[in-house]
Amino acid sequence: MAPWLAGFFALTFGPMIASLYLSFTDYDLFGAPEFTGLENYQRLFADPQFIQSIKVTTLYVLLGTPIKLAAALAVAMLLNARRRGLGFYRSAFYAPSLVAASVSIAIVWKAMFIDDGVVDRSLQIFGIELGGWVGNQNMTMPMFILLAVWAFGGPMVIFLAGLKQVPTELYEAAEVDGAGRIRKFRNITLPMLSPVIFFNLLMETIGSFQVFASAFIISGGTGGPAGSTLFYTLYLYIRGFGDFRMGYASAMAWLLVIAVGLITILLFRSSKAWVHYQGDSR
């Protein structure tokens, strides 16, 4: 217990308190912090790039998270059936999630989607002219969402474990009543799986707010073109380690902590209306 406490205070709690103090200062890493009160927080809301980073990140969370979860659930239901080679398919679908957040995958992804790259030229064969992906501000967000959806292995495995816990007697009784696949999915699968859906939704939402490596690599650390890839954490990095405005970056970090905390509370509050646990009398 003592080593854990020492690590917690030295590596987590201590830096958090230091970051909170720095958020009220003007600090450039080289001189002593100068206390400025709420100035950093006031400047943030007058900063157009800060507003743009919120827009980009919010759009990514709102679109990428549900699409990724839907893909994970669909594949988990396919893999829940009894058929040959399931072990191979489960490994194959899970593998991308192990490397999706790595720098190497971001480099490969950029090479594939770069203007006149493999994806662009392949689509041109079918007469689809999108005008590029990496350099096209209208296509960068779909590209990032595709990257997120491609790595659905983590939530897929959790969905698969949840599907195994659904009693088959419920489906058999529904079939006796003449229920079809859609009705069984809506009335049995979704309610029984709702705790798992809630868990995956919570974890993926929090994770989506922290996208950095792929945004940094694909945009070259600029957030371009036209700020279309200026994710919140990337802009925080630019301000902190690009401009050496650590006080400003610390204020951004704490606003992110507060925002994620509030969203987590909202998700927990909303879960009372749609998450069903075994033995729940509601």
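This is a short tour of the structure, stop by stop.

**The whole chain**

Start with everything shown. The model is predicted. The protein has 282 residues, and 39% of them count as buried. Colour by secondary structure to see 13 helices and two strands. The C-alpha atoms fill a box of roughly 75 × 55 × 35 Å along the principal axes. The accessible surface comes to about 16000 Å². Carbon and sulfur atoms hold 68% of that area.

**The largest core**

In soluble globular proteins, nonpolar side chains tend to be buried together. Where does that show here? Select Y60, M143, F231 and M252. These residues have the most contacts inside the largest nonpolar core, which has 39 residues. Several helices give two or more residues to this core, among them α3 (48-79), α7 (140-150) and α12 (232-242). Then pick α13 (246-274). α13 gives the most to this core, with eight residues.

Zoom in on F231. Which residues does F231 touch, leaving out those up to four places away in sequence? Show S53, V56, T57, Y60, M141, F144, V211 and A215: F231 touches each of them.

**A second core**

Next, select L69, F152, F159 and V196. They belong to a second, separate core of 15 residues.

Select α10, residues 181-208. Find T205, which lies in this helix. Is T205 buried or exposed? T205 has a relative accessible area of 8%, so it is buried. Its contacts beyond four places in sequence are V61, T65, I263 and L267.

Stay on the helix and move to F199, also in α10. F199 has 40% relative accessibility, so it counts as partly exposed. Draw a distance from the C-alpha atom of F199 to that of F159. The two atoms are separated by 9.9 Å, and the residues are 40 apart along the chain.

**The largest pocket**

For the last stop, select M77, N80, A81, Y171 and T189. Of the 15 residues that line the largest pocket, these lie nearest its centre. The pocket holds about 590 Å³ of space. Helices α8 (153-164), α9 (168-176) and α10 (181-208) each give two or more residues to the lining. Colour the lining by class.

Methods. Residues are numbered from 1 along each chain as its sequence is written. This is a predicted model: local features need pLDDT of at least 70, side-chain atom pairs count only at pLDDT 80 or more; totals for chains, interfaces and linings use all residues. Side-chain values use heavy atoms; hydrogens and water are left out. On a 1 Å grid over the protein atoms alone, a cavity is a set of points where a 1.4 Å probe fits but cannot get out, and a pocket is an open set with protein on both sides within 12 Å along at least five of seven lines; lining residues have an atom within 4 Å of a point. Grid points are joined across faces, edges and corners, and a volume is the space filled by probe spheres set on the points. Helices (H or I, at least four residues) and strands (E, at least two) are DSSP runs, numbered from the N terminus. A nonpolar core is a set of buried Ala, Val, Leu, Ile, Met, Phe, Trp, Tyr and Cys residues joined through side-chain atoms within 4.5 Å. Buried means under 20% relative accessible area, exposed over 50%, partly exposed in between (1.4 Å probe, protein chains only). Contact means heavy atoms within 4.5 Å. Accessible areas come from the Shrake-Rupley method with a 1.4 Å probe; for residues, only the protein chains shown count as cover.
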